[in-house]
Amino acid sequence: MEPSSLVEAARTLDCIHCGLCLNTCPTYRLTGVESAGPRGRVHLMRAVAEGELEADAGFAEEMNACLLCRHCESVCPSGIRMGTMMEFTRGGLERHGRRPLWSRAARWLGFRLVLPRRGLVSVLAGALRLAQRSGLVRLAPALLGSRGAGLPHLPGVPPASERGALPARTPAQGETHGRVGVLDGCVMPILFGRVNRATVRVLAACGFEVHSPPRATCCGSLHAHNGDLEAARSLARGTIAAHEDLLDLDGTPAPIVVNSAGCGSHMKEYGELLADDPAWSRRARDFAARVVDFSEHLAASPDDLLDAALSGRSADLAGPVVWDDPCHLCHGQGVRDQPRSLLDRVSGAERVDLAESESCCGSAGVYSLTHPEPSAAILDERLTALAATGAKTLVTANPGCQLQWAAGVRRAGLEVEVLHLAEVLGRALDD
Ligand code: SF4
Ligand code: SF4
């Protein structure tokens with residue numbers, strides 16, 4: 001194997017070793033070790049690309065310990081693109097079989113077999129709920145050893161009545177002002193069906209006709225983050241094909257609204273993901289330009305649509321509210337002000353600031369499952385910041401963050417409700 005086929009050397013050359021990124025990096029803050037920070041990771045990638053270091057198990061471990069939170073990108077004066085570099089590097093590790101056999105088998109089952117198939121996700125979620133309710137899942141580490149250690153940490157599956165896909169079409173309430181597509185997703189309908197329904201409900205109340213094509217499934221973000229770029233490209237093509245024909249009322253391509261920051265950030269980069277595919281590169285670029293976060297779309301819509309929907313209503317919230325910036329919303333998409341401005345328009349949501357709200361909560365896709373101890377330690381720092389605010393509601397916009405914070409506040413004994421932004425707006429509409 002050519003080292004340069006594992007790491008794209010050109011991308012690593014931008015780093016000027018200034019160190020400005022170090023204290024933004026959750027793994028560097030945790031360990032104080034250079035190789036566990038952005039600058040060290042870039043150095044290791046460059047050493048492999050230049051043939052000075054073997055891409056051995058130690059190298060793979062350092063690469064897999066990165067949360068892909070992209071906080072380092074937001075402060076880097078050289079414009080380093082850690083997310084893309086890391087996906088490329090992990091893609092190389094994946095292609096060249098640098099993982100243990102059991103790990104490759106588990107990833108094939110999870111990423112290739114299950115996630116793209118809604119029916120299978122649904123059946124397995126039902127089985128997992130049974131195992132969780134019966135207590136069987138707590139025996140997994142004893143039965144499976146270290147390979148079953150992550151199972152008790154899997155999120156609680158809600159009852160069947162709360163799971164399920166969105167309707168293919170939801171009409172606008174009152175006069176129709178526009179038409180949008182909404183990504184239903186792969187695990188969202190299972191774990192966060194209520195967030196998806198709140199998203200559609202808010203959009204419809206603001207005068208948008210909402211389409212969610214049943215044949216769309218997983219956007220492929222988890223696959224890309226974990227180096228399975230082939231599957232990520234295949235799922236990107238499927239997502240584009242399912243949504244791209246939707247037109248707005250004026251005949252222009254309709255916006256595609258995404259309520260999961262990780263998915264939205266990834267879908268906005270479809271153009272780059274499929275750049276080398278002549279049949280899809282233009283379609284991918286055009287589609288990516290239509291992707292908007294839920295908060296971005298509402299904040300860019302005429303003020304009177306949301307204000308009219310919220311008029312005379314107030315959200316039933318226990319006390320002060322904090323906004324937690326999901327990494328893939330602030331660092332990945334540059335969306336920071338819109339969620340705050342929306343929260344400030346909800347009567348009953350008294351917003352207070354969360355210190356270092358752009359710092360990662362430690363969720364990071366499957367990181368909280370593959371690295372439970374550092375993930376919990378990273379979250380502990382964030383929980384201390386949350387406790388200092390006195391907030392009773394934490395609002396965020398990514399399923400992984402929502403699960404991570406909810407588990408954290410339970411563990412810390414904080415009386416804080418964790419909600420998605422769409423749930424807060426939906427709650428106000430329910431008033
Ligand atoms: S992406 Fe996050 S975890 Fe990875 S090097 Fe950058 S700051 Fe550190
Ligand atoms: S901030 Fe950017 S240029 Fe500076 S050390 Fe970090 S990655 Fe390198």
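Predicted model: local features only at pLDDT ≥ 70, side-chain atom pairs only at ≥ 80, totals over all residues.
Biologist: Why is glutamine 333 called buried?

Modeller: Its relative accessibility is 13%, and buried means under 20%, so glutamine 333 counts as buried. The residue is found in helix H20, residues 327–333.

Biologist: What makes the pairing of the glutamine 333 side chain with the backbone oxygen of alanine 261 a polar contact?

Modeller: A polar atom of that side chain lies 3.1 Å from the backbone oxygen of alanine 261, and the cut-off is 3.5 Å. The backbone oxygen of histidine 328 lies 3.2 Å from a polar atom of the glutamine 333 side chain. Leaving aside neighbours within four places in sequence, the residues in contact with glutamine 333 include Gly264, Ser265, Lys268, Asp293 and Glu296.

Biologist: How do you know that the length of helix H12 agrees with its number of residues?

Modeller: At 1.5 Å a residue, the 13 residues of H12 (193–205) should span 18 Å. The end C-alpha atoms are 18 Å apart, which agrees.

Biologist: Why is H12 described as largely enclosed by the rest of the structure?

Modeller: Of its 13 residues, 10 are buried, so H12 is largely enclosed. Among the buried residues are Val195, Asn196, Thr199 and Leu203. Just after H12, glycine 207 takes a positive phi of about 95 degrees.

Terms used. Residues numbered from 1 in each chain as written. Chains lettered and ligands numbered in written order. Heavy atoms only, no water. Helix = DSSP H or I, 4+ residues; strand = E, 2+ residues; numbered from the N terminus. Buried < 20%, exposed > 50% of the residue type's maximum accessible area, 1.4 Å probe, protein only. Polar contact = N/O pair within 3.5 Å; in protein donor to acceptor, adjacent residues only side chain to side chain. Contact = heavy atoms within 4.5 Å. Expected span 1.5 Å × (residues − 1).
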